[in-house]
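This briefing concerns side-chain contacts and the accessibility of the residues that form them. Please consult the sequence and the model while reading.

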Amino acid sequence: MAERSGGLAGLAVALPYIMKAYDLPSSTAGPVPADAPRPVPPVEGRGAVDDAGAADIGQLARSLNAPTILTEIISPGFVTLDELRALTERSLADGDAGDGPARAIAALSYLALGMRTGEQGCFDRALALLAEVRNSSGPVERETEWLLQATVPAVLLGSHLTGHSLQDGQVAQELIEAALAPGGTLATSAVPERPGASGLLYMNQCVRAQFAIDRAQRDQDASRLDEIRDELLGLAERETAEDSEWRGLPRILLCVLELVRVQLTADLTALRSAVDQHAAALAHTGSLPFVRPLLTTMEAPLLALATHLEPDTGRVRRSLASARAALEAPASVSGQRPRNRLAIALALRTLHARAPDPELLDETIAELDAAVAELGEQGGDQARGDAADLVVPLHQQLATALAERVGRADPTHDAAAHDRLSRALDHARRALRASADDVLLQLGAEHGLRAARAAGDLGVQAAGWAIRLNRPETAVACLEAGRALVLHAAAAGTTVADRLEALGAYDTARAWRQATAVAGASGPAALDDVLHPDATGAPRLPSALRREALELVRSAPGSTPVAAPPPAQIIGATLARCRADALVHLVPGTGGAPGAALLVRPGHAVRAVPLPGLSAASRGPLDDFLLAGAALRRGRGPDAHDPGAVPPVRRPEHKWQRALDRLCAWVGESVVAPVLDALDVWERALTESGLRPAGAGPAPDPVRLVIVPCGDLGVVPWQAALLPLPDAGTRDAGPGRLPATARLCELAVVTYAASGAELVHGTRRSRLPIGQGQALVSAPGFLLYAEDEIKALRTAYYGGARVLAEDGTDGGPDVPTPDAVLEVLGARSPGTGGRAGLVHLACHGTAGADPTRSALHLWYPEDQPAENGHLTVTTLLDTPSAGSRRGPLVVLSACETDLSNADHDEALTLTTALVHRLATDVIGSRWAVSDLITPALMTVLHHHLAAGLAPPDALRATQRHALTPADRRRAIPGLAALEPFLAEQELGAVQDWAAFIHQGNPAPEPPRREPAP
């Protein structure tokens, strides 16, 4: 909240100085007395005035345009919104008939109007007018170029801050960084001798620091904050004039920086620094009265947080009173009153968290209800294009406050609790819809993920509320609406162009496809690019195309929501087509509530199965596993201890293995066994698996489960769950006794899915026959036996396979570069000969702190950075598919290719990205497996694929092979292609075989060995 307020305040501060820098008649403007005379727009049709008099009045009105607009910026409410619109229209007419300065007046008028209303068209018009300023007088003068370089980013920032297009914000950042870099226009050219020019330079330097703070926060790089802090302190010291409005801006950003430090380091002492910087900002806001309400509103939640250090609720209450008084101030930026109420509510909730009090929650709910009502009065959640950073947290906070107010009351017997929880569910779903729309607005996977984070785990929370209200289908809808938003938006985005064409908007459809195809491929933006006219004949905001296209699709008669997830009935029909028994959403409990499994089955209503073992208090084994995994990763880092100096039992890998064993036992008993009970599949599972002797009839089909684990349940290797089997006194009526336990992969075929929507999306692509061709990729890096693995597979199974391997040359068509791998995956035209039905990659893979940067590490020239060899999640999602309805099987045999270290409900991994965009089936790994073990495991896997099993069945057979004692395993002839010491490795340790999972199509139909005719 403070971050966004800082950005809005900073840009608002800049507007008067932009006008001064263009030599507009405004440099003497200051606070306006309440009784100051206001200019009156000329009245049309007044016949008593002769022509000469009308001309004089018109000239007088035009001369007042610029100072009136500036005065409105400095003192909001000086003119009404209708009068501001009239002034803007007059300035536009003058600009069309006038010179560069007249167009600048019009451009900045539109910028001011856009900041106040949030109307994105205003920023488009401002950009077009600034382009006309540049082109109005022949060759561009140095001063004009300097001013445009300093001003155009403000227009983009206005759109970004009020409309939340991260694309606009990124282009603004690229322009500012280029202009301030050594050799850039603002770094090398002398500052024009104009009243506001030095302030413009100062603003750009502050905004650059703001972007640096944002980046450090996203990268979780607290070490970067000290350098940014020094830069901001230097900027603050440069502005020494006591009456300078700029003195407060670095202090606002320093306050934001310290709050980010608290978030990244949990160092609560940084709160004290944040409070001090905020006080300094309040003391140095100069003569601009509109800034103070924005800063006053920031104070209340900040002081409420600071009560963790100094419990002074009286001071917080005084700050809340000031924030409420600031609500009466005229709005200077879009959504100011709802934003201010949201800040007040956050302060109240912080006080409640410290000392629970139902009255504080009631007060919070009242503020948020008022904010939602004000947002509706202004045009509704989307009518004005309100930024999702307002709409989403507003409904999210109201939802969670209402649910917290319910507490543990039973909504089935308490009418008030039922009403509050129903309202909470309604607001949660509104927040989720707004979040999905916001993700769809963004261009590219990285921006989509940043937008998706706004809703956090709200889908899981809302599902829990729906379960309490006995609405399991609504619970599934909430989970689907809150999961895999980036993947879902990518899928929805592919349909937008088709829907545009159906509406006859062919040019817009073509532009959409072109923009999607080059997402992330172009370099940093330049001023020429931003001011260059597009197909409409005028420059437009970078986000304009996506806004226009989405608005066309949404407003079409009878249109359905672009990003709406499929209902449970569609998911059930997909399961039936794939011959799967159920899709199982595993939902962790929130607060004190138990968790649940939501079972979606073909031909059945959705069923919720309570799972007390998934309550927050019962998830100790999962917490221990996460901590052990973090310690293991640290132990492999540059600061690790010498392994020889640590006793084996104390080593991180040993602790992790013990945590894995406990985790598997816990989920087997607490989660999976109750799910199998509810599905009533024990008898079939035991018989098909061979654990129970089969009768005389035909063998039953295996149980097929599609698992969608929510939250950090996504790190669990569910196929390795250790289940206590029913004993003879209960379910075992057969002649033989059952073993005491079995792994889930022995009882069922397990497939993972990012969501039900992704299952539906992925299964629309059929399997390519493996016989169409195989590609074996070897980029071993430090994997010692990757080359042995590839050679053995080619010798044993795929003699005609294309091999992409490092050969010590400078590159070539068979070197495993990212482009070469994309080609064999079918990311080019489906008619190219390079596409394979099977792609096996033996290369290193890493799960990034930001899931969009998770990558396969492939070949790159030695004189280039290693990143040139990274095939990332972003690249996979931003690469258009070839348009084919068939996809290959991809096997990723090494490292962390199905792991997400953060944003678990986004389920963004290399495997999910491949299934979404290019592949039908992917086999990947949750953690790094010793490459002594991997060659044998992969040989067994391909043995079963060659025998005709579908990918999920082949993986299950491989894992059952590993679980079978060595003296009872069936012979695998292909192992003879490996060196004996590799072929004879023991495979039975759970940490080896359990790493591998299947994503994609759960159907048993195998890929054909021969190409289709």
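Aspartate 507 is exposed, at 56% relative accessibility; buried denotes under 20% relative accessible area, exposed over 50%, and partly exposed the range in between, for a 1.4 Å probe and protein chains only. The model is predicted, local features need pLDDT of at least 70, side-chain atom pairs count only at pLDDT 80 or more, and totals for chains, interfaces and linings use all residues. Residues are numbered from 1 along each chain as its sequence is written, and side-chain values use heavy atoms, with hydrogens and water left out.

**Salt bridges**

- The whole structure contains 36 salt bridges, each defined by a side-chain nitrogen of Lys or Arg within 4 Å of a carboxyl oxygen of Asp or Glu.
- Aspartate 507 pairs with arginine 510 at an N to O distance of 2.9 Å, and arginine 510 is partly exposed at 46%.
- These two residues are about one helical turn apart because they lie three residues from each other in helix α24 (residues 506–517); helices are DSSP runs of H or I with at least four residues, strands are runs of E with at least two, and both are numbered from the N terminus.
- Arginine 540 and glutamate 548 form a salt bridge with their closest N and O atoms 2.8 Å apart; arginine 540 is partly exposed at 24%, as is glutamate 548 at 29%.
- In the salt bridge between glutamate 683 and arginine 692, the closest N and O atoms are 3.3 Å apart; arginine 692 is buried at 8%, whereas glutamate 683 is partly exposed at 39%.
- Shared partners join Arg317, Arg324, Arg337, Arg341, Glu363, Glu367 and Glu374 into one salt-bridge network.

**Aromatic pairs**

- There are four aromatic pairs; rings of Phe, Tyr and Trp (its six-membered ring) pair if their centres lie within 6.5 Å, with planes under 30 degrees apart counted as stacked, over 60 as edge-to-face and the rest as tilted.
- Phenylalanine 625 and tryptophan 656 form a tilted pair, since their planes meet at 35°, with ring centres 5.9 Å apart.
- Phenylalanine 625 belongs to helix α28 (residues 620–635) and tryptophan 656 to helix α29 (residues 652–679), so their pair ties together parts 31 residues apart in sequence.
- Phenylalanine 625 is buried at 6%, and tryptophan 656 is buried at 8%.
- Tyrosine 785 and phenylalanine 981 pair edge-to-face, at 5.6 Å between centres and 70° between planes.
- Ring pairs link Phe625, Trp656 and Trp927 into a cluster.
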